[in-house]
Amino acid sequence: MKASAFSYVRPTSIAGVLGLLATHGDRAKVLSGGQSLMPAMNLRLISPDLVVDIGALAELRGITVSGDVIRIGALARHIDVLNSREIAAHAPLLTEAVAHVAHPAIRNRGTLGGSLAHADPAAELPACMLALDATIIARGRDGERRIAAADFFQGIFQTALTTDELLVAVELPAAKGQSAYFFDEFSRRHGDYALAGLAAQALIKDGILLDLRLAFFAVGDRPVLAKAANTLVGVPVTPKRLSEALAVLAKELDPHTDQQATASMRKHFAGVLLARCVSTLLARPELSANGRAA
């Protein structure tokens, strides 16, 4: 199939984009890398009247570090994030995760902002935003709005963006000296959509988790910042304690069943990932066995 007829425009300023979005509302779609939008249009899952190509907006590119804040422009491509020394030094979780996004051809064109605005619940990068406590920056004709990642993702392909707003950047706190991270996912093949995945960021001192953010993906209608993490923070992690965390996780996740995996399979995978995560972060390989019994 091919897309329905549509009009196309390539503005040269953010103001021009915002004017078009204000005029056309939900009849317009923003094109950044096009790796999700164009297949959806070709399958006629969506049929916008107007496609607004933001590829000419140089101010939406770039990765900068200022003090303790990393700012990534919405048009930063996945390959830019993967190759960024700044990201590797200050947000290595993101470097690890981007390597799992689809395949090189997709990473060469797809953008960070496009992935976040698309809000696929099986995608890696939205979960990373939760784990890293990111702030999403949106701009409308009335000015900028700063949205916590925890409030940004609102359902399958749904975000807090209004139809007249443009995602322009993401800001992340730079990793601290005692920070550690974990990323892993289950998929049928590398590059396929995840059946379940976990992005985690932690602070560790003397073998104790001082802070832990567990962001699961592909186990619900949006990335899930798991409350099970609270069970593991500030206390020695014993096998019993980890089993308690796994029980909390099983109750709070509500995965779906589809042709790729059943809900129970996704929930089991999530438990395995949690055990692997804690085992890896604390360098305690014996704890990973808990997940296999989850």
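Which element gives the most to the lining of the second largest pocket? It is β12, with 3 residues, and the views below set that strand and its surroundings in context. The model is predicted, so local features need pLDDT of at least 70 and side-chain atom pairs count only at pLDDT 80 or more, while totals for chains, interfaces and linings use all residues. Residues are numbered from 1 along each chain as its sequence is written, and side-chain values use heavy atoms, with hydrogens and water left out.

View 1. Of the 15 lining residues, P173, A174, K176, Q201 and D211 lie nearest the centre of the pocket. At least two lining residues come from each of β12 (196–205) and β13 (208–217), strands being DSSP runs of E with at least two residues and helices runs of H or I with at least four, numbered from the N terminus. By class the lining comprises 7 nonpolar, 3 polar and 5 charged residues, where Ala, Val, Leu, Ile, Met, Phe, Trp, Tyr, Cys and Pro count as nonpolar, Asp, Glu, Lys and Arg as charged, and the others, Gly among them, as polar.

**View 2. Q201 in strand β12.** Q201 lies in β12 and, at 14% relative accessibility, counts as buried (under 20% relative accessible area, with exposed over 50% and partly exposed in between, for a 1.4 Å probe and protein chains only). Leaving aside residues up to four places away in sequence, Q201 touches L93, A131, L132, A175, S179, A180, Y181, D211, L212 and R213, contact meaning heavy atoms within 4.5 Å.

View 3. The strands follow the order β11-β12-β13-β14 with antiparallel pairing, two strands being paired if DSSP finds at least two bridges between them. The edge strands, β11 (179–186) and β14 (224–225), each pair on one side only. Between β13 and β14 there are 2 bridges, and F216 stands opposite V224 in β14. Helix α8 (residues 124–131) lies across β11, β12, β13 and β14 and runs at about 155° to β13; axes are lines fitted to C-alpha atoms, for helices over the stretch in contact, and angles run from 0 to 180 degrees between N-to-C directions.

**View 4. Strand β6 and its partners.** Strand β6 (residues 135–140) is joined to β7 (residues 143–148) by 6 bridges, and a hairpin links the two through 2 residues. I136 stands opposite I147 in β7, whereas the bridge partner of R139 is E144. With β10 (residues 166–173), β6 pairs in the antiparallel sense over 5 bridges, and A138 stands opposite L167.

Methods: 1 Å grid on protein atoms, 1.4 Å probe; cavity = no way out; pocket = protein on both sides within 12 Å on 5 of 7 lines; lining within 4 Å.
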